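Subject: Structure for your review

Dear colleague,

Please find below the structure I am handing over to you.

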Amino acid sequence: MSERQLRAWQDAGLIDAEMAGRIREWEAMHSRPLGLWAIIGLGALAIGLGIVSVVAANWDEIPGETRLAIHFGLMVGLAGLLWRYLPDAAEKNVYFSDGLLFIVAVLGLSFFGHVGQVYQTSSPLWQPLLAWLVIFSPLLLLFGRGWPIAGLWLAGVLGAAWSHADEYGHAWMWGQHAPRPDHPTLYWGLIACPAMAVAAFSALMRDRSGRPGFWSLLEKLAIATILIGLSLVIIAGEWLRGTHDMIGSAAIQSLALIGAAAVIHAVRQTSSGQAAAGLLAVAALLNFAQPLLYSSDGSIRGPWISALFFLTLWGAVAAGALFARWRRFFQVAIALLALRIIILSFELNDDLLGSGAGLILSGAFAMAVAWVTVRISRRYAPVGRNEG
Amino acid sequence: MKPIASHRISLAAALVLPLVLLGFSWAETYRLAQQGDEWLIPIRGYDPRDLLRGHYVQYQYDWPVEAASSRQRGGDAPFNASFASQLCIEGTAPDISGVRELPLILGRSDPEQAKGCAIIARASFGARREVRGLNSGILFTSQTRALALSRQLANPDQRGFVRVRIRPDGVMRPVDLEFRPRSRI
């Protein structure tokens, strides 16, 4: 809140001196010194990394079990700190309570690696990630408040699924010892579903929890993950040639998307909830239609297919954002649409590119798209509201 | 809003759960690490440029496979540790006198063939890629030591051995790397 603006409003007679004073007082009480917190956070990060480096540099001198005991002691100490201060801290400053939770959770994750180093045991990455998720989810989901914890937890979920799939993804490199999924269609369908489950679960929890903001954040992050993932699948679509039944896997994923859409539609009757459900339904349709189209007829090929699917997806995002008045989402969607149209114009002019006419046409088209994009974004971008 | 008391209880439970399970995982790893005898297995290093990845040394087992036993199995194919699922180790710990591959039939080994084995090492499937199978393993160590070890492994006058602890169930766990002068021919 700028002082100059307050004074201008006061001079214009919009607010009186008393109200301006009250606004100043309220702002002073509720202002978050973000810059200060950022510096404190960076300082803490530097100190933490420094301690890790000092320990790592001298670890021959410190017996492994002593190191583990120190690591464990740190976690116990922080847990005590959380037990004592978390309920008060959470009321006062979201970043402080989330920061403490974040440190405990990361210490817990690195403990798995530390035990592995001391006792020379190795396990594939997904095992400690999954174990970490199981034992830390209650703490993170019951007491997390802001984006650091929402982001960390979702990253844990996606990381566990990704690293599990990665074990099978490299099967061709490791001879007969490489495990293969028993039911590839089912496996490759289900492994992509955690984001859908998180979106539905967050929508369910939103009204049942004392922290609707946290669950709303988690739901948005999950939906953004789905949109980004589907965009990548659409872009890579033409080259995706699995050894398994792609249509079957896509059907499983689309069913999960429909399920998530149904849950969100049922529990959130707001325009924002309806838009999110609609988006997921469109995503389900596109996700299933693409492999169907590619496998049905070998002659249907061309840059326009992938472009059409991409434009449909992000067009739906823009429409949903307009309906639900998500300003930021709308602008991102419009920008991506414009970018894809420009790329398409170059792709379709492939044979003309050599000639100047193709270049001129493409350039003119790109400029027209940019102009229209800016007009649409200015004219129709919804006024952001306080989502919650 | 939930009553404060139940809030505190769930916080305590959520804090204690990871601590107890992490402590249990540590204790269990410690217990498993104590089992079995130590054996010395000859190794050869990878190309020294590939030896060091982060703070660990990667090595390849150089199993002293009896030539006769592999020929006896009828194949001319040389022994390849990547494809072996279990190895019969003969000798007295920690010195290996000979190694032969034990074929698996319907997931079980023939008790006749397993006769005379001091211990049977089994390929671990649930491990990370570098240690999958009986072909290669890694030893975590500090950065300075890893550099020294990789130099020693590259030295042709020395033969490297990995000291491993093999549990009765056949799971191998590296303990340390050792070097002995190579006998000149």
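In this predicted model, helices α5(A) and α6(A) cross in a right-handed manner. The axes of α5(A), residues 94-118, and α6(A) approach within 10 Å, at a crossing angle of roughly 165 degrees. Because angles over 145 degrees count as roughly antiparallel, α5(A) is roughly antiparallel to α6(A). On the α5(A) side, the contact is formed by Asp98(A), Leu101(A), Val104(A), Ala105(A), Gly108(A), Leu109(A) and Phe112(A). The α6(A) side contributes Pro128(A), Leu129(A), Ala131(A), Trp132(A), Ile135(A), Phe136(A), Leu139(A), Leu140(A) and Phe143(A). By class, the residues of this contact between α5(A) and α6(A) comprise 14 nonpolar, one polar and one charged.

How many cavities of 30 Å³ or more does a search of the whole structure find? The search returns one, and the largest cavity holds about 30 Å³ of space. Its lining consists of Met75(A), Ala79(A), Val104(A), Phe136(A), Leu139(A), Leu15(B), Pro18(B) and Leu19(B). Two or more lining residues come from each of α4 (64-92) and α6 (126-143) of chain A, and from α1 (4-33) of chain B. Which element gives the most to the lining of the largest cavity? That element is α1(B), with three residues. The lining of the largest cavity divides into eight nonpolar residues, with no polar and no charged ones.

Two further helix pairs in chain A involve α10(A). The partner in one pair is α9, residues 194-206 of chain A, which packs against α10, residues 212-236 of chain A, at an angle of about 155 degrees, the axes lying 8 Å apart. That angle makes α9(A) roughly antiparallel to α10(A). The crossing of α9(A) past α10(A) is left-handed. From α9(A), the residues in contact are Ala195(A), Met196(A), Val198(A), Ala199(A), Phe201(A), Ser202(A), Ala203(A), Met205(A) and Arg206(A). They meet Pro212(A), Trp215(A), Ser216(A), Leu218(A), Glu219(A), Ala222(A), Ile223(A), Thr225(A) and Ile226(A) in α10(A). The contact of α9(A) with α10(A) comprises 13 nonpolar, three polar and two charged residues.

The partner in the other pair is α13, residues 303-324 of chain A, whose axis comes within 9 Å of that of α10(A) and crosses it at roughly 165 degrees. α10(A) is therefore roughly antiparallel to α13(A). Is the crossing of α10(A) past α13(A) left-handed or right-handed? It is left-handed. Here α10(A) supplies Leu227(A), Leu230(A), Ser231(A), Ile234(A) and Ile235(A), while α13(A) supplies Ser306(A), Phe309(A), Phe310(A), Leu313(A), Trp314(A) and Val317(A). The residues of the contact of α10(A) with α13(A) are nine nonpolar, two polar and no charged.

With kind regards

Conventions. Residues are numbered from 1 along each chain as its sequence is written. Chains are lettered from A and ligands numbered from 1 in the order in which they are written. This is a predicted model: local features need pLDDT of at least 70, side-chain atom pairs count only at pLDDT 80 or more; totals for chains, interfaces and linings use all residues. Side-chain values use heavy atoms; hydrogens and water are left out. Axes are lines fitted to C-alpha atoms, for helices over the stretch in contact, and angles run from 0 to 180 degrees between N-to-C directions. Helices (H or I, at least four residues) and strands (E, at least two) are DSSP runs, numbered from the N terminus. Angles under 35 degrees count as roughly parallel, over 145 as roughly antiparallel, 65 to 115 as roughly perpendicular and the rest as oblique. A crossing is left-handed if the near helix is turned anticlockwise from the far one by less than a right angle, and right-handed if clockwise. Contact means heavy atoms within 4.5 Å. Ala, Val, Leu, Ile, Met, Phe, Trp, Tyr, Cys and Pro count as nonpolar, Asp, Glu, Lys and Arg as charged, and the others, Gly among them, as polar. On a 1 Å grid over the protein atoms alone, a cavity is a set of points where a 1.4 Å probe fits but cannot get out, and a pocket is an open set with protein on both sides within 12 Å along at least five of seven lines; lining residues have an atom within 4 Å of a point. Grid points are joined across faces, edges and corners, and a volume is the space filled by probe spheres set on the points.
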